[in-house]
Amino acid sequence: MSLLTTIARSATRAARPATRAVPAASLSLAARGVHTLPKLDYSYDALEPHISGKIMELHHSKHHQAYVNGLNAAEEAYAKAAAPKEQIKLQSALKFNGGGHINHSLFWKNLAPQSQGGGELKAGPLKDAIVADFGSVDAFKKKMNTVTAAIQGSGWGWLGYNPETKKLEIATTPNQDPLLSHVPIIGIDIWEHAFYLQYHNVKADYLTAIWNVINFKEAERRFVEAAKSA
Ligand SMILES: [Fe+2]
């Protein structure tokens, strides 16, 4: 089993298991305990007006589902591949779909409706660390938005915890590459499918709006756990 696959399985275990009915066609896969689309903790329209319900529905039910399906298909093909060359041919599919599954599973937990505390960074260890490492919360958001907006093509902007420096740092990954250099604390999806229906080509408006629904409680939980294990 590849490292990526191991990470993907961990991400799936961390995500809330799907409770929807499994289509008959995928029962054989489900029986083997393969990856499933995690259920959201809120309704598709709960992040409005900052992220539209239509974006959330398509993003979760179509895009993330496609990564789940792609990862399951790639793992099934990998298990059957007899020769190293056949296995090597599958690496890019495993990385792309595995990364897509890991990143989106983190992203849904990363967001919360304002009625559930979305956008609110309370006094505590995460806020203290952000102020210590970036000067202020506003300076941190501005820097993360600038770095994320500058990604060429599709990718992800991250607030990550560096276990070596024991600091919070901003990082980016291209395509669906998962963040491996840091422990992910907050990830922002900057693929066009995450914002185009509502914000068209104006990435800056999407990046300004998303802070209103960032789940800082979840971010703080990840930060405390990462700092404890470092
Ligand atoms: Fe996405």
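Trainee: What should I know before I start?

Mentor: Residue numbers start from 1 along each chain, following the sequence as written. The model is predicted, so local features need pLDDT of at least 70 and side-chain atom pairs count only at pLDDT 80 or more, while totals for chains, interfaces and linings use all residues.

Trainee: How many helices and strands does the chain have?

Mentor: There are 10 helices and 3 strands. Both are DSSP runs numbered from the N terminus: helices are H or I with at least four residues, strands are E with at least two.

Trainee: What pattern do they follow along the sequence?

Mentor: The pattern reads α-α-α-α-α-α-α-β-β-β-α-α-α.

Trainee: How do the strands line up in the sheet?

Mentor: The 3 strands make an open sheet in the order β2-β1-β3, with antiparallel pairing. Two strands pair if DSSP finds at least two bridges between them.

Trainee: Which strands stand at the edges?

Mentor: β2 and β3 do. Each has a single partner strand, so one side of each has no neighbour in the sheet. On average, neighbouring strands here are turned by 25° against each other, direction ignored.

Trainee: What packs on the sheet?

Mentor: Helix α7 does, and it touches β1, β2 and β3. The direction of α7 makes about 20° with that of β2. Angles run from 0 to 180 degrees between N-to-C directions, and axes are lines fitted to C-alpha atoms, for helices over the stretch in contact.

Trainee: How many bridges join β1 to β2?

Mentor: 8 bridges join β1 to β2, residues 167–174, and the two run antiparallel. Gly157 has Thr172 of β2 as its bridge partner. Asn162 stands opposite Lys167 in β2.

Trainee: And how many join β1 to β3?

Mentor: 6 bridges, again antiparallel, with β3 at residues 183–189. Trp158 has Gly187 of β3 as its bridge partner. For Trp156 the bridge partner in β3 is Asp189.

Trainee: Can we zoom in on Leu159?

Mentor: Leu159 is found in strand β1. It counts as buried because it has 28 C-beta neighbours inside 10 Å.

Trainee: Which residues is Leu159 in contact with?

Mentor: Leaving aside neighbours within four places in sequence, Leu159 is in contact with Met144, Leu168, Ile170, Ile185 and Ile186. Contact means that the C-beta atoms, placed from the backbone, lie within 7 Å. Leu159 and Ala219 are 60 residues apart in sequence, and their C-alpha atoms are 9.3 Å apart in space.

Trainee: What span should α5 have?

Mentor: Helix α5, residues 91–110, should span 28 Å at 1.5 Å a residue, and its end C-alpha atoms are 28 Å apart, which agrees. The expected span is 1.5 Å times one less than the number of residues.

Trainee: How do α7 and α9 cross?

Mentor: The axes of α7, residues 137–149, and α9, residues 203–210, come within 10 Å and cross at roughly 145°. Asn145, Thr148 and Ala149 of α7 make the contact with Lys203, Ala204 and Leu207 of α9.

Trainee: Which turn residue in the β1 and β2 hairpin has a positive phi?

Mentor: Lys166, at about 55°; the hairpin has 4 residues between its strands. Lys166 is exposed, with 12 other C-beta atoms within 10 Å.

Trainee: What about His200?

Mentor: His200 has a phi near 50°, also a positive value. Its place is in the loop between α8 and α9. His200 is exposed, with 11 other C-beta atoms within 10 Å.

How values were computed. Contact = placed C-beta atoms within 7 Å. Buried ≥ 20, exposed ≤ 12 C-beta atoms within 10 Å, placed from the backbone.
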